[in-house]
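Please examine the sequence and the model below before reading further.

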Amino acid sequence: QVQLVESGGGMVQAGGSLRLSCVASGRTFTTDDMSWYRQAPGKERESVARINWSGASADYKDSVKGRFTISRDRAKPTVFLQMNNLKPEDTATYYCNAGGRGGVQGIYWGQGTQVTVSP
């Protein structure tokens with residue numbers, strides 16, 4: 001059974017930092033993309049960052065470029081999202097996604113971790 005388990009969410013003030021982690025089990029995802037999505041109340045889920053299978057290529061939502069960094073440890077396998085200079089508009093539930101390739105969304109999702117940024 002494939003599982004993705006996120007951790008690292010919390011409450012911070014604007015300008016603060018958080019580091020999200022997503023640990024996969026049941027599958028290594030060594031040839032798959034891993035991604036972070038987020039969903040704010042009343043809004044659709046949106047892609048935040050994606051990293052390719054090797055870790056050599058990453059894509060970001062425009063509004064987080066320069067503030068967020070996605071990385072992965074293929075040996076574990078784990079994907080991270082370092083979030084700096086957080087803004088209130090980053091408040092959302094953040095979800096890990098895996099199993100896709102070439103930018104296509106994967107079918108595996110974590111349960112989500114809440115990030116709340118106060119002004």
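A nonpolar core is a set of buried Ala, Val, Leu, Ile, Met, Phe, Trp, Tyr and Cys residues joined through side-chain atoms within 4.5 Å; a residue counts as buried when its relative accessible area is under 20%. The model considered here is predicted. Its largest nonpolar core comprises 26 residues. Trp36, Val48, Phe68, Val79, Leu81, Met83 and Tyr94 are the members with the most contacts inside this core. At least two core residues come from each of strand 3 (18-25), strand 4 (34-39), strand 5 (46-51), strand 7 (68-73), strand 8 (78-83), strand 9 (92-98) and strand 11 (113-118). In soluble globular proteins, nonpolar side chains tend to be buried together.

Leaving aside residues up to four places away in sequence, Phe68 touches Arg38, Val48, Tyr60, Leu81, Gln82, Met83, Asn84, Leu86, Asp90 and Tyr94.

Consider next the chain as a whole. The protein chain contains 11 strands and 0 helices. Its radius of gyration is 13 Å, close to the 14 Å that the globule rule gives for 119 residues, so the chain is as compact as a globular protein of that length. Of these 119 residues, 42% count as buried. Among contacts with a separation of 6 or more, 54% join residues 24 or more positions apart.

Finally, which residues lie nearest the centre of the largest pocket? They are Arg38, Lys43, Glu46, Glu89 and Asp90, from a lining of 14 residues. By class, this lining has 9 charged, 3 polar and 2 nonpolar residues. The pocket holds about 210 Å³ of space.

Notes. Residues numbered from 1 in each chain as written. Predicted model: local features only at pLDDT ≥ 70, side-chain atom pairs only at ≥ 80, totals over all residues. Heavy atoms only, no water. 1 Å grid on protein atoms, 1.4 Å probe; cavity = no way out; pocket = protein on both sides within 12 Å on 5 of 7 lines; lining within 4 Å. Points joined across faces, edges and corners; volume = space filled by probe spheres on them. Nonpolar A, V, L, I, M, F, W, Y, C, P; charged D, E, K, R; others polar. Buried < 20%, exposed > 50% of the residue type's maximum accessible area, 1.4 Å probe, protein only. Helix = DSSP H or I, 4+ residues; strand = E, 2+ residues; numbered from the N terminus. Contact = heavy atoms within 4.5 Å. Rg over C-alpha atoms; globule rule 2.2 N^0.38 Å.
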